[in-house]
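Me: I am new to this structure and would like to learn how to read it. Please take me through it one feature at a time.

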Amino acid sequence: MNQWTDHPLFKQAVSFAQSSQAEIDRVIKELPAFAAGVARHVPFAEDAIAAYHAALDPAVPSAQRLIIWGPLLYFVLPLDAIPDLIPALGFVDDGAAIGAMIVAVGGVITPEHRAKAREMLGLPQAQV
């Protein structure tokens, strides 16, 4: 493996980036409740939820919104490369997919998206 783009987790995240409308609808339906539970306890939760709000924002270009949906779908799926129930390791693959997505489209995630994420997660708003 010469490049990080050759890594199987990156390739899996890219395949999820080609999500169907039904899969996108699943994320829209499931992510808020997921955020209220499990996602609150993972270190990349705020990034994932901010990306979710960016994907719902019509001001964000559609190409970037499509890139966001794949890793979010992977995040809410109960079965993935490393089962989420494994302590300390369960969200490593999810974090890798979210991290790759943030590197690719992080510039479209605005402070407003982050504020909505903090609100959804029940976190205090960041001080400006």
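Me: How many of the residues count as buried?

Reply: Buried means under 20% relative accessible area, exposed means over 50%, and partly exposed lies in between (1.4 Å probe, protein chains only). Of the 128 residues of this protein, 38% count as buried. The model is predicted, so local features need pLDDT of at least 70 and side-chain atom pairs count only at pLDDT 80 or more, while totals for chains, interfaces and linings use all residues. Residues are numbered from 1 along each chain as its sequence is written, and side-chain values use heavy atoms, with hydrogens and water left out.

Me: What does the secondary structure come to?

Reply: Helices (H or I, at least four residues) and strands (E, at least two) are DSSP runs, numbered from the N terminus. Here there are six helices and zero strands, and the pattern along the sequence is α-α-α-α-α-α.

Me: Which residues have the most contacts inside the largest nonpolar core?

Reply: A nonpolar core is a set of buried Ala, Val, Leu, Ile, Met, Phe, Trp, Tyr and Cys residues joined through side-chain atoms within 4.5 Å. The largest one here has 32 residues, and V27, L31, I68, L72, F75, I98 and M101 have the most contacts inside it. At least two residues of this core come from each of α2 (21–36), α3 (45–56), α4 (62–76) and α5 (92–105). Helix α3 gives the most, with eight residues.

Me: What is V27 in contact with, leaving aside its neighbours within four places in sequence?

Reply: Contact means heavy atoms within 4.5 Å. With those neighbours set aside, V27 touches P32, Y52, W69, L72, L73 and V76. Across the protein, 67% of the contacts with a separation of 6 or more are between residues 24 or more positions apart.

Me: How many aromatic pairs does a search of the whole structure find?

Reply: Rings of Phe, Tyr and Trp (its six-membered ring) pair if their centres lie within 6.5 Å; planes under 30 degrees apart count as stacked, over 60 as edge-to-face and the rest as tilted. The search finds two pairs. F44 and F75 form a tilted one, 5.2 Å centre to centre with 55° between the planes. F44 lies in the loop between α2 and α3 and F75 in helix α4, so this pair ties together parts 31 residues apart in sequence. Y52 and W69 form an edge-to-face pair, 6.3 Å centre to centre with 90° between the planes. Y52 is in helix α3 and W69 in helix α4, 17 residues apart.

Me: Are Y52 and W69 buried or exposed?

Reply: Y52 counts as buried at 5% relative accessibility, and W69 is buried at 6%.

Me: How do α4 and α5 lie relative to each other?

Reply: Two packed helices are described by the angle between their axes and the distance between the axes. Axes are lines fitted to C-alpha atoms, for helices over the stretch in contact, and angles run from 0 to 180 degrees between N-to-C directions. The axes of α4 and α5 come within 9 Å and cross at roughly 170°. Angles under 35 degrees count as roughly parallel, over 145 as roughly antiparallel, 65 to 115 as roughly perpendicular and the rest as oblique, so α4 and α5 are roughly antiparallel. Among the residues that meet there are Y74 in α4 and D93 in α5.

Me: What does the side chain of D93 make a polar contact with?

Reply: A polar contact is a pair of N or O atoms within 3.5 Å; within protein, one must be able to donate a hydrogen and the other to accept it, and residues adjacent in sequence count only if both atoms are side-chain atoms. The partner of D93 is the side chain of Y74, at 2.5 Å. D93 is buried, with a relative accessible area of 1%.
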